[in-house]
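Good morning, and thank you for joining this meeting.

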Amino acid sequence: MRPIIESDLRGSFVNCSKGETKRLGVPRDLDEQPWDDLDFLGWRDPGAPERGYLVTERDDGTLAGIALRAAPGTARGFTSRSMCSLCLTTHTSGGVALMTARRTGEAGRLGNTVGQYLCADLACSLYIRGKKQTVVGADFDETLSMDERAARTRTNLAAFIDKVLE
Ligand SMILES: [Zn+2]
């Protein structure tokens, strides 16, 4: 994706208030992010670890930022494995977190959320490209190429964002 500057990043959020958008912790090293390798920029809030964020470019070129909250107590036994629903990377417990996004509009005002199991560090793009390794290691059953996995991740992400925007 194309590099994003901080003001555009903060302006992209669709499911939080202006006040929240102003306060949320953005990565300090924005100009050093591996933009060429990112389908979306995802990070956990350094000041509020239960919060996470992701920002991506939609098909029409606009940015969409989603504020997420990790559900407490979703970690299971150490030997259990979970899969990220965006990039389908398998992790051991703790590597995947159930995160919820408040929906926009009336649904959001009524407290409606959308939940997804996601890589806990929101680094899906880097796992797909082999730039980051999981504890489990490479998934040898995966038959898709890197480009196909990236395309699949973007499709899954677009579907997630559509649900938040409904
Ligand atoms: Zn993932």
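Which residue in E6 is the bridge partner of Leu 68? The answer is Ala 101. Before I place that pair in context, please note that this is a predicted model.

Five strands form an open sheet, in the order E1-E2-E3-E6-E7, and their pairing is antiparallel. At the edges stand strand E1, residues 41-45, and strand E7, residues 113-119, each of which pairs on one side only. From one strand to the next, the twist averages 30°.

I now turn to strand E3, which covers residues 63-70. On one side, E3 pairs with strand E2, residues 48-57, in the antiparallel sense, over seven bridges. Within this pairing, Tyr 53 has Ala 67 in E3 as its bridge partner. E2 and E3 together form a hairpin, with five residues between the two strands. In that turn, Gly 61 has a positive phi of about 90°.

E3 is also joined to strand E6, residues 96-102, by three bridges, and these two strands run antiparallel. Here we find again the pair from my opening question, Leu 68 and Ala 101. Ala 70, in turn, stands opposite Met 99 in E6.

Is strand E3 largely enclosed or largely open, and why? Seven of its eight residues are buried, so E3 is largely enclosed by the rest of the structure. A residue counts as buried here if its relative accessible area is under 20%.

Which protein atoms are its donors? They are the SG atoms of Cys 84, Cys 87, Cys 119 and Cys 124, lying 2.2 to 2.3 Å from the zinc ion. Along the chain, these donors follow the spacing C-x2-C-x31-C-x4-C.

Why is the arrangement described as tetrahedral? The four donor atoms subtend angles of 102 to 116° around the zinc ion, and therefore the arrangement is tetrahedral. The cut-off applied is that all angles lie between 85 and 135 degrees. For comparison, the ideal angle for four tetrahedral donors is 109.5 degrees.

Finally, let us consider accessibility at this site. Cys 84 is buried, because its relative accessible area is 0%. Cys 87 is buried too, with a relative accessible area of 0%.

Key: Residues are numbered from 1 along each chain as its sequence is written. This is a predicted model: local features need pLDDT of at least 70, side-chain atom pairs count only at pLDDT 80 or more; totals for chains, interfaces and linings use all residues. Side-chain values use heavy atoms; hydrogens and water are left out. Donors are N, O and S atoms within 2.8 Å of the metal (3.2 Å for Na, K and Ca); water is not among the atoms, so sites may look incomplete. Four donors count as tetrahedral if all angles lie between 85 and 135 degrees; four count as square planar and six as octahedral if opposite donors are over 155 degrees apart and all others between 65 and 115; anything else is irregular. Buried means under 20% relative accessible area, exposed over 50%, partly exposed in between (1.4 Å probe, protein chains only). Helices (H or I, at least four residues) and strands (E, at least two) are DSSP runs, numbered from the N terminus. Two strands pair if DSSP finds at least two bridges between them. Axes are lines fitted to C-alpha atoms, for helices over the stretch in contact, and angles run from 0 to 180 degrees between N-to-C directions.
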